[in-house]
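Please read the sequence and the model below together with this briefing. The notes are grouped by topic.

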Amino acid sequence: MIKIAFAGFRHGHIYGLYKLAQSNPDIEIVGAYEADADAREAAVKNLGVSFNYDNYDDMLNDKNIDVIAIGDYFGKRGSLAIAALKAGKHVYADKPLCTSFEELNEIEALAKEKGLKVGLMLDMRQAKFVQPVRKFIQEGNLGEIHQIFFGGQHPLLYGTRANWYFEEGKHGGTINDIAIHGIDLVEYLTGLSMKRVIAARCWNAFAKEVPSFKDSAQFMIELSNGAGLMADVSYSAPNSSGYKLPFYWRFTLWGTKGVMEFNYNSKEITVALDGKPDVETIPIPNEDTGDCLSIFVDELNGKPTYIDTEQVLKATRNTLLIQEYADKQG
């Protein structure tokens with residue numbers, strides 16, 4: 001039985017992780033800590049969390065804990081992960097794992113030195129379209145892929161979204177917040193990897209109440225085969241639509257044999273192949289695709305998985321590289 005303790009309940013994603021831990025027969029939740037009184041009260045009310053640690057050090061000193069699950073505000077996560085690894089605990093975090101290269105380098109070194117695992121809630125890999133799309137691409141149906149676009153626009157939800165998002169030093173950048181899902185998924189689907197950043201920009205367009213918060217983000221990168229990828233991961237979706245639009249995590253991939261498009265909310269994949277005059281659709285099977293925490297449990301138990309510590313650190317580094325490029329543009 002893997003014993004997990006939760007450090008931080010500052011984002012809704014960690015609520016989902018807590019529920020996954022509750023339902024996983026291989027996991028026992030043994031504790032929780034949250035420094036913020038409001039976040040603590042909300043977690044008790046919404047999840048029934050029992051907070052049994054007065055400070056983080058007490059949690060880290062508990063030899064009964066195998067894994068620390070991290071859900072504090074983004075800017076604090078790196079330091080919490082480093083402290084957990086130093087204490088000999090595996091780490092599982094909501095994304096982003098951290099907001100600086102210094103933190104990531106230390107996390108990577110500690111994990112390697114101590115033989116510990118680092119997991120991340122890259123749960124878009126469990127979207128129902130992923131395996132059919134990957135199979136279609138890996139079988140060569142698109143030929144060599146040369147152009148990719150994805151849009152991961154989110155609603156801003158200012159006034160509803162946690163206030164810390166808009167406090168300087170706590171967020172760490174819109175690209176680092178959102179883009180990791182798309183970058184990780186493109187690499188998994190295509191087998192290509194990020195080669196270099198060509199352009200990236202973040203700016204304030206929607207959160208006019210907080211001019212320092214750069215809610216809009218676009219970038220262009222080159223992949224390992226020379227393919228170009230362009231993306232927009234802005235907080236620009238209409239608040240009233242939430243996450244239900246067909247533009248939410250919408251991907252288009254162009255290859256030498258054709259083009260395919262799909263999105264997070266669709267029930268089918270659209271393809272147009274060279275030599276065929278009509279557009280075709282491929283249904284997405286309504287199958288159980290597992291969950292991100294179960295994959296981490298498999299890694300802890302020494303089983304082969306399709307995402308592991310090495311890939312988590314790589315996806316984090318790639319996204320930080322793009323964010324850094326944007327930050328340098330001012």
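This is a predicted model: local features need pLDDT of at least 70, side-chain atom pairs count only at pLDDT 80 or more; totals for chains, interfaces and linings use all residues.

Residues are numbered from 1 along each chain as its sequence is written, and side-chain values use heavy atoms, with hydrogens and water left out. Helices (H or I, at least four residues) and strands (E, at least two) are DSSP runs numbered from the N terminus.

- Five strands form an open sheet with parallel pairing, in the order 2-1-3-4-5; two strands pair if DSSP finds at least two bridges between them.
- Strand 2 (27-33) and strand 5 (118-120) each have a single partner strand, so one side of each lacks a neighbour in the sheet.
- On average, neighbouring strands of this sheet are turned by 25° against each other, direction ignored; axes are lines fitted to C-alpha atoms, for helices over the stretch in contact, and angles run from 0 to 180 degrees between N-to-C directions.
- Strand 3 (residues 67-70) runs parallel to strand 4 (residues 90-93) and is joined to it by four bridges.
- Ile70 stands opposite Ala93 in strand 4, and the bridge partner of Ile68 in that strand is Val91.
- His90 and Tyr92 point one way from strand 4, Val91 and Ala93 point the other way, and all are buried; buried means under 20% relative accessible area, exposed over 50% and partly exposed in between (1.4 Å probe, protein chains only).
- Helix 1 (residues 12-23) lies across strand 1 (2-7), strand 2, strand 3 and strand 4, at about 160° to strand 1; contact means heavy atoms within 4.5 Å.

- Eight strands make an open sheet of mixed pairing in the order 7-8-9-6-10-11-12-13.
- Its edge strands, strand 7 (194-203) and strand 13 (280-283), each pair on one side only.
- The twist from one strand to the next averages 15°.
- Strand 11 (residues 258-263) pairs with strand 12 (residues 268-273) in the antiparallel sense over four bridges, and Gly258 stands opposite Leu273 in strand 12.
- Gly255 is found in strand 10 and is partly exposed, with a relative accessible area of 22%.
- Not counting residues up to four places away in sequence, Gly255 touches Leu142, Glu144, Ile145 and His146.
- Helix 10 (residues 309-328) lies across strand 7 and strand 8, running at about 50° to strand 7.

- Helix 8 lies across strand 6 (145-151), strand 7, strand 8 (216-223), strand 9 (228-232), strand 10 (250-255) and strand 11, at about 145° to strand 6.
- Eleven of the eleven residues of helix 8 are buried, so this helix is largely enclosed by the rest of the structure.
- The axes of helix 6 (residues 130-138) and helix 8 come within 8 Å and cross at roughly 45°.
- Helix 6 and helix 8 are therefore oblique to each other; angles under 35 degrees count as roughly parallel, over 145 as roughly antiparallel, 65 to 115 as roughly perpendicular and the rest as oblique.
- Among the residues making this contact are Val133 and Ile137 of helix 6 and Leu185 and Tyr188 of helix 8.
- Just after helix 8, Gly191 takes a positive phi of about 80°.

**Nonpolar cores**

- The largest nonpolar core has 54 residues, of which Phe150, Ile175, Phe219 and Met260 touch the most other members; such a core is a set of buried Ala, Val, Leu, Ile, Met, Phe, Trp, Tyr and Cys residues joined through side-chain atoms within 4.5 Å.
- Helix 8 (residues 180-190) supplies the largest share of this core, five residues.
- A second, separate core of 36 residues includes Ile70, Ala81, Ala84 and Leu85.

**Local backbone features**

- Lys95 and Pro96 are joined by a cis peptide bond, with omega about 0°, and Pro96 is in the loop between strand 4 and helix 5 (101-114).
- Leu157 is not a glycine but has a positive phi of about 55°; Leu157 is in the loop between strand 6 and helix 7 (174-178).
- Leu157 counts as partly exposed at 23% relative accessibility.
- Trp249, in the loop between strand 9 and strand 10, has a positive phi near 50°.
- At 2% relative accessibility, Trp249 counts as buried.
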